[in-house]
Amino acid sequence: MKIFDLSHLINNETTIYPGSVKPSIKITGDIIENGYSEHELTLGTHTGTHVDAPSHMILNGKSLDQLPFQKYIGKAIVIPCKGRKEIDVTYLETFKEKISQVNYILFYTGWDKNWKSSDYLGDYPTLTPEATQWLTDFNLDGLGFDVISVDKVKVTYQINHHTLLKHEILIIENLTQLDQLPSDIFTFQCIPLKIENADGSPIRAIAIVND
């Protein structure tokens, strides 16, 4: 069995979505001075590698703590999308058989190489609205991306967010190292912090691949 860490490191320089809370990590306890080590964390619920709840965009949508725990663990595949400008239905149809067998799809674009760069907020690949709608016909618990959002940063209406979250399909953003994963089915985990009424949460996303 192999375990792959698919999460970015959170620190004071972590890339954030425009307008989001900038993470801050401060030392509040020092072993030499205080006899213990402790830090104060200031984080938005969508900091770093994180999961979006339906309540993030949908009025009266469920928060992460209201969803069944098993929703955060399931079978997954990676769909390679590096070099593509968009991810459309025609392309996804070539993976239809595998999609029907899993709970999660992770989209590998290679955009994580731009992490901590202004390019990360640039013209990254996204699903077309038609492709997003097409995916709601499957028994999916979530979709994961190695980009900052399932929609473009500059759009006025985040249609992909609304379509997926309305169907209680979780959105995992800011994944990394998806190129390490196999083309076969593996186990994916995106367990959030147990925060009351959470519209999102940082996660330690991992993939478990059996030898």
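How many aromatic pairs does a search of the whole structure find? The search finds 7 such pairs, where rings of Phe, Tyr and Trp (its six-membered ring) pair if their centres lie within 6.5 Å, and where planes under 30 degrees apart count as stacked, over 60 as edge-to-face and the rest as tilted. One of them joins Trp 115 and Tyr 120 in an edge-to-face arrangement, with 5.1 Å from centre to centre and 90° between the planes. Trp 115 is buried at 15% relative accessibility and Tyr 120 is buried at 0%, buried meaning under 20% relative accessible area, exposed over 50% and partly exposed in between (1.4 Å probe, protein chains only).

The model is predicted, so that local features need pLDDT of at least 70 and side-chain atom pairs count only at pLDDT 80 or more, whereas totals for chains, interfaces and linings use all residues. Residues are numbered from 1 along each chain as its sequence is written, and side-chain values use heavy atoms, with hydrogens and water left out.

Helix H5 spans residues 159–166, helices (H or I, at least four residues) and strands (E, at least two) being DSSP runs numbered from the N terminus. H5 is mostly covered, as 6 of its 8 residues are buried, namely Asn 160, His 161, His 162, Thr 163, Leu 164 and Leu 165. The cover over these buried residues includes strand E4 (50–52), strand E8 (126–127), helix H4 (129–135), strand E9 (142–145) and strand E10 (170–173). Apart from neighbours within four places in sequence, Asn 160 is in contact (heavy atoms within 4.5 Å) with Leu 127, Thr 128, Pro 129, Thr 132, Val 150 and Asp 151. A polar atom of the Asn 160 side chain lies 3.0 Å from the backbone oxygen of Leu 127.

Glu 168 lies in the loop between H5 and E10, and its phi is near 55°, a positive value in a residue other than glycine. Glu 168 is partly exposed, with a relative accessible area of 28%. Asn 174, in the loop between E10 and strand E11 (186–189), likewise has a positive phi, near 65°, but Asn 174 is buried at 2% relative accessible area.

Val 89 belongs to helix H2 (residues 89–92) and counts as buried at 19% relative accessibility. Leaving aside neighbours within four places in sequence, Val 89 is in contact with Thr 128, Glu 130, Ala 131 and Trp 134. Val 89 and Ile 27, which are 62 residues apart in sequence, are separated by 49 Å from C-alpha to C-alpha.

The lining of the largest pocket has 5 nonpolar, 12 polar and 2 charged residues, with Ala, Val, Leu, Ile, Met, Phe, Trp, Tyr, Cys and Pro counted as nonpolar, Asp, Glu, Lys and Arg as charged, and the others, Gly among them, as polar. The second largest pocket has a volume of about 180 Å³, a volume being the space filled by probe spheres set on the grid points, which are joined across faces, edges and corners. Residues lining the second largest pocket include Asp 5, His 8, Thr 49 and Arg 204, and its lining divides into 5 nonpolar, 3 polar and 2 charged residues.

Key. On a 1 Å grid over the protein atoms alone, a cavity is a set of points where a 1.4 Å probe fits but cannot get out, and a pocket is an open set with protein on both sides within 12 Å along at least five of seven lines; lining residues have an atom within 4 Å of a point. A polar contact is a pair of N or O atoms within 3.5 Å; within protein, one must be able to donate a hydrogen and the other to accept it, and residues adjacent in sequence count only if both atoms are side-chain atoms.
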